[in-house]
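Colleague: I want to go through the labels on this model one by one. Please set each value against its cut-off.

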Amino acid sequence: MNWVSIGAIFSGLSVMLGAMGAHSLKNILTEKKLSAFQTATEYMGYHGLALILVGIICFQLSENGAKALKKVGILFTVGILLFSGSIYILAFDGPRFFGPITPIGGLCFMAGWFIFAGVIYKHFKNNPS
């Protein structure tokens with residue numbers, strides 16, 4: 001499976017979960033937990049789209065650039081699982097030990113974006129058009 005497929009799956013899940021949150025969870029979750037659920041859903045959607053972008057750009061770059069973007073794809077995927085996943089678990093009163101996992105997912109997102117920026121910068125520096 002490539003990053004485009006993985007991104008499309010996460011993006012589709014974010015739409016599904018967003019609809020569920022908007023229509024089915026209002027009477028189940030507190031306002032604070034529903035807000036956290038929505039944040040997790042938004043970040044899943046954003047990073048799902050980012051994975052699609054990573055996959056498309058991989059086709060445009062050299063083998064070394066595509067290899068570096070693989071790290072970005074991994075970081076975004078792990079970020080979604082840790083950040084959004086832990087928030088979903090906590091929203092439904094899951095074990096509190098998932099709380100410290102959320103920021104690790106956020107750090108994965110940040111690292112992924114900075115590596116992404118570096119790869120793109122390096123590509124355009126080495127291939128001026």
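**Labels and their cut-offs**

Modeller: Ser84 is buried, at a relative accessible area of 0%. Buried means under 20% relative accessible area, exposed means over 50%, and partly exposed lies in between, with a 1.4 Å probe and protein chains only. This is a predicted model: local features need pLDDT of at least 70, side-chain atom pairs count only at pLDDT 80 or more, and totals for chains, interfaces and linings use all residues. Residues are numbered from 1 along each chain as its sequence is written, and side-chain values use heavy atoms, with hydrogens and water left out.

Colleague: What is Ser84 in contact with, leaving aside its neighbours within four places in sequence?

Modeller: Ala40, Tyr43, Met44 and Gly79. Contact means heavy atoms within 4.5 Å. Ser84 itself lies in helix 3.

Colleague: What makes a stretch a helix here?

Modeller: Helices are DSSP runs of H or I with at least four residues, strands are runs of E with at least two, and numbering starts at the N terminus. On that basis the chain has four helices and zero strands. The pattern along the sequence reads α-α-α-α.

Colleague: Why is Gly48 called buried?

Modeller: Its relative accessible area is 0%. The limit is under 20%, so Gly48 is buried. Gly48 is found in helix 2, residues 31-58. Not counting residues up to four places away in sequence, Gly48 touches Gly7, Phe10, Ser11 and Ile80. From Gly48 to Leu29 there are 19 residues in sequence and 25 Å in space, C-alpha to C-alpha.

Colleague: Why does Lys70 count as partly exposed?

Modeller: Lys70 has 47% relative accessibility. That value falls between the 20% and 50% limits, so the label is partly exposed. The place of Lys70 is in helix 3. Its C-alpha atom is separated by 20 Å from that of Tyr43, 27 residues apart along the chain.

Colleague: And Val72, why does that residue count as buried?

Modeller: Val72 comes out at 0% relative accessibility, under the 20% limit, so Val72 is buried. Val72 is also found in helix 3. Leaving aside neighbours within four places in sequence, Val72 is in contact with Val54, Gly112, Ile115 and Phe116. Ile115 is 43 residues from Val72 in sequence, yet their C-alpha atoms are 6.5 Å apart.

Colleague: Why is Ile120 called partly exposed?

Modeller: Ile120 has a relative accessible area of 23%. The buried label needs under 20%, and the exposed label needs over 50%, so Ile120 is partly exposed. Ile120 lies in helix 4.

Colleague: What makes Asp93 exposed?

Modeller: Its relative accessible area of 54% is over the 50% limit, so Asp93 is exposed. Asp93 sits in the loop between helix 3 and helix 4. Although not a glycine, Asp93 has a positive phi of about 60 degrees.

Colleague: What makes a space a pocket rather than a cavity?

Modeller: Both are sets of points on a 1 Å grid over the protein atoms alone. In a cavity a 1.4 Å probe fits but cannot get out, while a pocket is an open set with protein on both sides within 12 Å along at least five of seven lines. The largest pocket holds about 190 Å³ of space. Grid points are joined across faces, edges and corners, and the volume is the space filled by probe spheres set on the points.

Colleague: Which residues line the largest pocket?

Modeller: Among them are Leu61, Ser62, Asn64, Lys122 and His123. A lining residue has an atom within 4 Å of a point. Helix 3 (63-91) and helix 4 (101-126) each supply at least two lining residues. Helix 4 gives the largest share, five residues.

Colleague: How much of the chain counts as buried?

Modeller: 41% of the 129 residues. The C-alpha atoms fill a box of roughly 55 × 25 × 25 Å along the principal axes. Among contacts between residues at least 6 apart in sequence, 73% join residues at least 24 apart.
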